[in-house]
Amino acid sequence: MSGRSMPSGPLSRRSFMSAIAASTVAVGLGAATMTAANAAPAAASAARGGTRLVPINRIGIQLFTIRDKVSSLGFRAVFEELANFGYSEIEFAGYTQGQVGAITPAEIRQLLDDNGLRAVGSHVGTNLLRTDLANQIDIAHTLGMPHLGTGNAPTNVNTVAGYLAAAEEWNGWGEQVSAAGMKLYQHNHAGEFAFASDDPSQRLYDIFLDNTDPRHVYLELDVYWAYVGKHLHGGFEPIDYVKNNPRRFPLLHLKDGKTNNANTNGYDIIEFGAGDIPYTEFLSHLRDRGQRYGMYEQDNASSTAVPPNPINSLENARRSYAAIEQLRG
Amino acid sequence: MKWKIPASAAVFATAAALSVAAAPAAMAATTDCTGDLARTTITGDLSVPAGATCTLGAVTVEGSIIVGDDGWLDATDAVIGGDVIATDAYGIALDGTSVGGDVVAYSADLRAGFAYLTDLTVAGNVELGGVDVEITDVRIDGSLSTLAPN
């Protein structure tokens with residue numbers, strides 16, 4: 001559908017029409033003409049299945065999802081399965097494989113290459129960004145990843161001053177990661193969408209976004225946790241962050257959630273495709289899909305399966321890949 | 001006919017988006033686009049500089065469009081007399097109306113990038129390589145060639 005019905009970007013068809021409509025009456029007539037003329041082709045595109053919302057070679061998985069399998073089966077067996085499912089991109093959550101035995105980053109890279117997979121990023125602790133950044137960059141280079149990040153909050157000091165200090169520190173890390181040819185990124189949970197403890201008018205995420213250097217600090221939006229953040233703290237739409245800052249969000253966590261009013265978060269985490277977070281609508285807003293990686297993540301995959309499926313995180317990954325691959329807008 | 005524009009329609013362009021490089025009087029100038037341009041005619045070539053985002057709405061470019069490294073061209077209802085050429089770009093999206101020459105988008109070694117062509121007529125060739133490609137409702141009078149995304 002080419003994003004025609006749900007455009008976004010710096011000046012989308014919709015916002016362009018709005019601007020034009022506000023400028024002159026004559027131009028408003030032109031916009032009306034365009035809307036009518038485009039209705040038929042848009043419908044025809046939809047009938048053919050529409051646009052693939054996540055490019056097929058940008059579908060990845062955060063290995064935290066299947067950490068039980070990495071630990072019990074090792075990287076080799078896990079990569080073989082993931083490649084068979086169709087995944088292209090791997091995001092790491094550590095470089096060890098539990099009881100299977102020691103392995104080096106170079107050996108992991110070989111296993112990636114053997115299975116036609118690519119490392120896209122990694123979650124390392126902010127303590128390692130602070131104390132071990134050069135080594136983490138070396139590992140990332142060995143694995144061939146274009147991004148290096150963390151799943152930690154920017155800081156645990158939830159004041160305005162705390163987040164400003166964090167932004168300054170992150171800018172320094174980002175400069176080093178950029179100099180190494182990669183992008184530093186932060187992955188959110190719900191807490192970042194809370195307001196500063198000392199200023200209820202300032203959302204922590206906004207402080208971080210506004211005070212980090214867009215050349216050096218990027219973000220991976222965990223869509224599920226953003227929706228939880230909206231449920232808990234309100235006043236924003238998760239998609240707006242990506243629409244307004246498309247170049248700053250090279251990565252998305254495609255984590256599904258199912259509404260549960262008994263859960264204080266508002267949603268239960270569930271495998272992709274079994275929830276009701278509006279992913280088709282969300283992703284249809286994005287006009288630069290080919291620049292963004294969609295990473296399946298399910299925190300509880302090792303202990304949860306949609307009935308009647310048995311508990312098996314790899315099977316969750318297989319079904320979730322199929323659901324992501326089928327997304328059309 | 002979409003975007004039917006009365007001759008008296010006002011030009012709507014953001015000043016920051018439009019700058020014209022100095023050029024000999026006998027040559028058409030090259031216009032840099034680093035923002036939003038709408039309802040205007042560019043008499044020469046249009047350049048999207050490295051790292052810039054250029055959004056065109058109902059714009060006529062009499063010459064060609066060149067998109068630099070990490071440049072993003074997002075054109076809706078544009079009439080382009082010459083070629084559209086993008087190398088190692090962030091991406092290009094052409095959603096209507098016509099390109100008089102070729103559309104060429106290559107990414108040599110970047111992992112990401114895109115070329116989305118929709119509701120378009122292209123008088124020349126379409127050559128796309130190394131980027132995510134979608135082609136919908138497009139008439140190509142010349143040839144179409146693609147290479148797999150990187």
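A crossing of two helices is called left-handed if the near helix is turned anticlockwise from the far one by less than a right angle, and right-handed if it is turned clockwise. The structure above is a predicted model, in which local features need pLDDT of at least 70 and side-chain atom pairs count only at pLDDT 80 or more, while totals for chains, interfaces and linings use all residues. Residues are numbered from 1 along each chain as its sequence is written, and chains are lettered from A and ligands numbered from 1 in the order in which they are written.

Chain A contains 12 helices and 12 strands, where helices (H or I, at least four residues) and strands (E, at least two) are DSSP runs numbered from the N terminus. Of the 329 residues in chain A, 47% are buried, a residue being buried if 20 or more other C-beta atoms, placed from the backbone, lie within 10 Å of its own.

In helix 3 (residues 67–85) and helix 4 (residues 105–114) of chain A, the axes come within 9 Å and cross at roughly 20 degrees. That angle makes helix 3 of chain A roughly parallel to helix 4 of chain A, a description used for angles under 35 degrees. Helix 3 of chain A passes helix 4 of chain A in a right-handed crossing, and the contact is made by F75(A), R76(A) and F79(A) on helix 3 and by I108(A), L111(A) and L112(A) on helix 4. Two residues are in contact if their C-beta atoms, placed from the backbone, lie within 7 Å.

Helix 4 of chain A also packs with helix 6 (residues 133–143) of chain A, at an angle of about 25 degrees and with the axes 8 Å apart. Helix 4 and helix 6 of chain A are therefore roughly parallel to each other, and their crossing is right-handed. Here P105(A), A106(A), I108(A) and R109(A) of helix 4 meet I139(A), T142(A) and L143(A) of helix 6.

A strand residue can be followed in the same way. I59(A) lies in strand 1 (residues 59–62) of chain A, and I59(A) counts as buried because it has 22 C-beta neighbours inside 10 Å. Although I59(A) and M295(A) are 236 residues apart in sequence, they are 6.0 Å apart in space, C-alpha to C-alpha. Not counting residues up to four places away in sequence, the residues that I59(A) touches include V54(A), Y87(A), G294(A) and I324(A).

How values were computed: Axes fitted to C-alpha atoms, helices over the stretch in contact; angles between N-to-C directions. Parallel < 35°, antiparallel > 145°, perpendicular 65-115°, else oblique. Buried ≥ 20, exposed ≤ 12 C-beta atoms within 10 Å, placed from the backbone.
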